[in-house]
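Me: I have a new structure to get through. Can we walk through it together in short steps?

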Amino acid sequence: MAETDPGGLKAAEAKQKNTRKNYTVGGVTYQVDQETTNQLVLDEAAAAQTRINMKTAADEDKKLKTYFTTEEKGMAQEQSRLRRSEYGTIGQQDRLKEGVIGLERRKALETEGAETRETATTVGQQTRLTEAEKGAQERRTQREGLMTSGVEQRQTQAERYVGERALEQTRGGEARALASRTAQEGRQTQAERYAGERSLVGEGGRQQRETQAERFAGERGSISRTAQEGRQTQAERYTGERSLVGAGGREQRQTQAERYSGERGLARVGGSETRATRRVEGQEGRALERTRGSETRRTDLQRESFRRYKEDRDYSQARSGSRV
């Protein structure tokens, strides 16, 4: 049975396939059939689509890199701002602490000086009273001793010297104990201050090392960025670091100035209190010497008067005996 070709479709398709078209490439003309032409059109469409996809991907990649770079710059700026704020807060707290320490030291020195002067005044008053009472007792003993026999007088004199030696020994022991206690407290205070300063320096060094390690970790993470974006980020980071270093230096210098000012004030207060204490001690010492000299002169005057009285009495008794 013969095959039919309604409408001549197969013949038309065969004719179309056999149709050739001329294409000129590089000055050379090629004859290409319809099937090859269709394949070329498909390849060209695929290539165009590939180019469009590559351009879209490049645009998206560029937008993504721009977004990440903007975020990194913003993060670096925020970190710089936070570090500057942290340095400012640390400096302010250090200055407040130094001010409080200086104030407390000055108050302690003022209180110590006032207490020392009050103690010196009380000691001077009590010593003058003791010297006055001792002079009165000496004069009384002198009167009684001169009126009695020489044996009683020597015994009284010996007992007085024993009492004075015991008093001087007790006074010397108390003075040595006070000096030893004062030196011990001073050494302990110095040791505690140095321990506190060493602890503060150690903590500051540890915090700086941790900050440096975190900064280096952040720098290592940004190495993989593109050259242009990396240079821009590096410039932003260097700007933030210079600002951070400047702020840290200013805070440190201001803190150092506050500490030195507090120390100078403390030294001035300490010197003033020491001079005031020495002045009161000198006044009390001079008053003590005046009282002691006055009592000694009164005692010597009474002793001389009684000696003259005895001479006159012996002379009168001798004259009366010679008359008899």
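Me: Let's begin with charged pairs. How many salt bridges does the structure hold?
Reply: There are 18 salt bridges in the structure. Keep in mind that this is a predicted model.

Me: What lets side chains pair like that?
Reply: Side chains of opposite charge can pair when their charged atoms come close.

Me: Give me one pair. Which residue does glutamate 273 meet in a salt bridge?
Reply: Glutamate 273 meets arginine 117, at 2.9 Å from N to O. This pair links distant parts of the chain. Glutamate 273 sits in helix α4 and arginine 117 in helix α2, 156 residues apart.

Me: Is glutamate 273 buried or exposed?
Reply: Glutamate 273 counts as buried, because its relative accessibility is 13% and the cut-off for buried is under 20%.

Me: And why does arginine 117 count as partly exposed?
Reply: Because its relative accessibility is 22%. Partly exposed covers the range between buried, under 20%, and exposed, over 50%.

Me: Next pair. What does arginine 292 meet in a salt bridge?
Reply: Its side chain meets that of glutamate 131, with 3.6 Å from N to O. Arginine 292 is in helix α4 and glutamate 131 is in helix α2, so the pair ties together parts 161 residues apart in sequence.

Me: How do the two partners stand for accessibility?
Reply: Arginine 292 is partly exposed, with a relative accessible area of 29%. Glutamate 131 counts as buried, at 6% relative accessibility.

Me: What about their accessibility?
Reply: Glutamate 304 is partly exposed, with a relative accessible area of 27%. Arginine 307 counts as partly exposed too, at 37% relative accessibility.

Me: Another glutamate, then. Where is glutamate 284 found?
Reply: In helix α4. Glutamate 284 counts as buried, because its relative accessibility is 14%.

Me: Which residues is glutamate 284 in contact with, leaving aside its neighbours within four places in sequence?
Reply: Ala120, Thr121, Gly124, Gln125 and Arg128.

Me: On to glutamine 256. Where does it sit?
Reply: Glutamine 256 is in helix α4, which covers residues 227–323. It is partly exposed, with a relative accessible area of 29%.

Me: How far is glutamine 256 from arginine 95 in space?
Reply: Their C-alpha atoms are 8.3 Å apart. In sequence, the two residues are 161 apart.

Me: Switching to the surface. Which residues form a nonpolar patch there?
Reply: Leu64, Tyr67 and Phe68 form one. Together they have about 320 Å² of accessible area. Tyrosine 67 lies in helix α2, residues 34–147. Tyrosine 67 is partly exposed, with a relative accessible area of 47%.

Me: Let's zoom out. How many helices and strands are there?
Reply: Four helices and two strands. From the N terminus on, the order is α-β-β-α-α-α.

Me: How much is buried?
Reply: Of the 324 residues in the protein, 17% are buried. The accessible surface comes to about 24,600 Å². Carbon and sulfur atoms hold 54% of that surface.

Me: And contacts across the sequence?
Reply: Take the contacts with a separation of 6 or more: residues 24 or more positions apart account for 73% of them.

Me: Last thing. How confident is the prediction?
Reply: The mean pLDDT of the protein is 77. A pLDDT of 70 or more is reached by 79% of the residues.

Me: Which element has the lowest mean pLDDT?
Reply: Helix α1, residues 9–18, with a mean of 60. Helix α2 has the highest, at 82.

Methods
Residues numbered from 1 in each chain as written. Predicted model: local features only at pLDDT ≥ 70, side-chain atom pairs only at ≥ 80, totals over all residues. Heavy atoms only, no water. Patch = residues over 30% accessible without salt bridge, like charges linked within 9 Å, V, L, I, M, F, W, Y side chains within 5 Å. Areas by Shrake-Rupley, 256 points an atom, 1.4 Å probe, with all protein chains shown as cover. Salt bridge = Lys/Arg side-chain N within 4 Å of Asp/Glu carboxyl O. Buried < 20%, exposed > 50% of the residue type's maximum accessible area, 1.4 Å probe, protein only. pLDDT = per-residue confidence, 0-100. Contact = heavy atoms within 4.5 Å.
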